Amino acid sequence: MRAPLYEQLERHAKRHPHPFHVPGHKMGHSFDAEAKQRFGAMLELDLTEISGTDDLHQPQGVIAEAQELAAEAFGAEETRFLIGGSTVGNLALIMTVCRPGDKILVQRNCHKSVYHGIIMARATPVFLVPAVDLATGVAAGVRREDVERALQAHPDAKAVFLTNPTYYGMGIDLEKMAAVVHRHDIPLLIDEAHGAHYGFHPAFPPSAMLCGADAAVQSTHKMASAMTMSSMLHVQGSRIDRDRLFRYLAMIQSSSPSYVLMASLDLARRHLVVEACEEWDRLLPQLDKLRERTGRLEWLEWPRLGANSVYATLDPLKLFLHIRSQQLDGFALQHAMEKHGIYPELADASHVLLAASAGTSARDLDALAKLLESLDVEVEPGEERVLEAGVVSSHYLREQVVPMDEAVDSPKETISLEQSLGRVAAEMVIPYPPGIPVLVPGERIDEQCLAMLMELRKGQTRFHGVQDDRLQTIQVL
C-alpha cells in the first residue's frame, strides 16, 4: 500500500520549504505564465538530491525502499529504476555481459537500443531469425530449436538476448526457453518493454522473472501507468555481474534523474499491485466484445492463438488489426481513425496496432468499433494479401560484411537508394515505430532488402538512424 518515494516528495512539498537548490523553477515559483497552472502541482515534486529524497545512484533511503517494493512485486531479487526508458537498461545489460569481440545471441527483430548496445560494447551479434506468422506477416519470437542450434554452434556466446512479448503482443514459452539457455550456463536477457503488466492478472502470460530469466527490462510507461521514459530493470540469479551492471547504469543514466518520473514508477508499482486487476476485470470483457462485434467484418482479421500458431502467448491488450483487402491499407485506416479522434500506436501497409491498458474506457472502444463498422471495404475473391514465410524471413537474412562497430566509424558516401544494390550499409535503417532495424551497418544490401526499403519508402513510414529520413539516399561504405 505504500509508495515511499512519492510520499516523501509530498511531505517535503507540504512543508513549503525555501529551495536554494536546482532546478531553477524553485518548485514552480518561476515558470511560463500560461502553462504554470497546468504544471504547477507537479513542479512542487520536481526535486533533486537533498536531505530525505535519497539518491538514485547510491540509494539508501526512500528510493532504495521503492526499488525493494518493486522487486518484490515483480518477482525479482533486485530492481533498479530507469530514467531514460528501456533503452538504458538494454544498453547496460549488453555492456555488462559482453566485452569487445564477445559473441551474443540476439533476436533479429529486436529494438534498435539492443543494436546500439552491441555497437557500444563492440560485441559480435549472432542473429536469431524469428518465426513469421503467416496470417499477418509479422515476425514473432524465435524457436527454441533455433536457439539450441545457435548455442551449439557458438559455445563461446556470453548471453542470449530476446524480446518477449513483441511489439504486437506475441510471445514465446519463456520458461522452456530459459531452461534451454541455462543448460549452457549463460544468462537469458529479456527486453520485456511491452510486458510490464505480465504476471499481474490471470489473463496475461507470466512475466520474464517468473519464467526464470536472469534479467528483464520493462517500459513501465508503455502498458502500465508510469510516465513516459520511466522503466525498470529486474535481475535475479548469479549469472550477471551486478556490480558491473550498476556501474554501467550509473554511467549512462543522468546524474540528475527526474524525481517526478521516479515517483511515477513507485506509484505504477502500487497501482499494479492494488488497483489494476479490478480495472482489467472491467476492460477484458469489453475487449472480447469489441473483437466479437468487429469479427464479422470480412476485410478485418484479428490474430488468434491456435495449435498452429508460431507464437505461444498473445497479449489481450494489444489490438492488432490485420487488413485483408487491397482497397484499404494501414496508413489509410490510421488516417480515418485520426479524423475521428482515435490515435493508434502504429500503422504500416497491412496493419494498424492499438494498445489498450487499464486506462482504456468503454467510450474509447465504442468509438473504435463504430468507426470500423462504418467503413465500406470489400474483399474480392482471391484479393486477400498472401504471405510467404521464406519471403518475409529473408528480410532478416543478410550478409554481414563488416562488424557494426567498425562500419559506423568507417569512411562513407551518400548515394541514391536506387544505386545501393550490392553496397554495404554504413547506417541503420529503422522504421519507427516500432523501432526495429531492417538494415544495420555492415550489412550488404541485396535485391530483397532494396525492394523492401523502396516499398517502405512509398508509404508514410518514418525512419530513424538515417541521414535522409525520406530514404531518397542512403549512406554506404
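Trainee: Buried means under 20% relative accessible area, exposed means over 50%, and partly exposed is in between (1.4 Å probe, protein chains only). How many residues of α5 are buried?

Mentor: Eight of the ten residues of α5 are buried, which leaves the helix mostly covered. Helices (H or I, at least four residues) and strands (E, at least two) are DSSP runs, numbered from the N terminus.

Trainee: What kind of model is this?

Mentor: The model is predicted: local features need pLDDT of at least 70, side-chain atom pairs count only at pLDDT 80 or more, and totals for chains, interfaces and linings use all residues. Residues are numbered from 1 along each chain as its sequence is written, and side-chain values use heavy atoms, with hydrogens and water left out.

Trainee: Back to α5. Which residues are buried?

Mentor: The buried ones are Lys112, Ser113, Val114, Tyr115, Gly117, Ile118, Ile119 and Ala121. Arginine 122 follows α5 and has a positive phi, near 55°.

Trainee: Which strands does α5 lie across?

Mentor: α5 (residues 112-121) lies across β2 (103-107), β3, β4 (160-163) and β6 (188-191), and runs at about 170° to β2. Axes are lines fitted to C-alpha atoms, for helices over the stretch in contact, and angles run from 0 to 180 degrees between N-to-C directions. Contact means heavy atoms within 4.5 Å.

Trainee: In what order do the seven strands of that open sheet come?

Mentor: The order is β1-β8-β7-β6-β4-β2-β3, with mixed pairing. β1 (78-83) and β3 (124-128) are at the edges with a single partner strand each, so one side of each has no neighbour in the sheet. From one strand to the next, the twist averages 20°. Two strands pair if DSSP finds at least two bridges between them.

Trainee: How many bridges join β1 and β8?

Mentor: Six bridges, and β1 pairs with β8 (residues 230-235) in the antiparallel sense. Opposite threonine 79 stands histidine 234 in β8.

Trainee: β1 is at an edge. Why is β1 called largely enclosed?

Mentor: Five of its six residues are buried, so β1 is largely enclosed by the rest of the structure. Helix α3 (residues 62-74) lies across β1, β7 (215-218) and β8, at about 115° to β1.

Trainee: Changing topic. How many helices and strands does the chain have?

Mentor: The chain has 16 helices and 17 strands. Its radius of gyration is 23 Å, close to the 23 Å that the globule rule gives for 477 residues, so the chain is as compact as a globular protein of that length. The radius of gyration is taken over C-alpha atoms, and the globule rule is 2.2 Å times the number of residues to the power 0.38. The C-alpha atoms fill a box of roughly 70 × 55 × 45 Å along the principal axes.

Trainee: What share of the 477 residues is buried?

Mentor: 55% of the 477 residues count as buried. Among contacts between residues at least 6 apart in sequence, 71% join residues at least 24 apart.

Trainee: Which residues in the largest nonpolar core touch the most other members?

Mentor: In that core of 61 residues they are Trp280, Trp299, Leu321, Leu333, Met337 and Leu372. Helix α10 (residues 259-274) gives the most to this core, with eight residues. A second, separate core of 34 residues includes Met95, Ala121, Val217 and Ile430. A nonpolar core is a set of buried Ala, Val, Leu, Ile, Met, Phe, Trp, Tyr and Cys residues joined through side-chain atoms within 4.5 Å.

Trainee: What does leucine 321 contact?

Mentor: Apart from neighbours within four places in sequence, leucine 321 contacts Leu300, Glu301, Trp302, Leu333, Met337, Ser350, His351, Val352, Leu354 and Leu372.

Trainee: Is glutamine 334 buried or exposed?

Mentor: Glutamine 334 counts as buried, at 18% relative accessibility. This residue lies in helix α12 (residues 330-339). Not counting residues up to four places away in sequence, glutamine 334 touches Pro344, Ala347 and Val352.

Trainee: And where is leucine 93?

Mentor: Leucine 93 is in helix α4 (residues 85-97) and counts as buried, at 0% relative accessibility. Leaving out residues up to four places away in sequence, leucine 93 touches Phe161, Leu189, Ala215, Val217, Leu233, Ile240 and Leu245. Leucine 93 and phenylalanine 246 are 153 residues apart in sequence and 9.3 Å apart in space, C-alpha to C-alpha.

Trainee: Last one. What is the order in the open sheet of four strands?

Mentor: That order is β9-β11-β13-β12, with antiparallel pairing. β9 (300-301) and β12 (346-347) are the edge strands, each pairing on one side only. Five bridges join β11 (residues 318-323) and β13 (residues 351-355) in the antiparallel sense. Lysine 318 has alanine 355 in β13 as its bridge partner.
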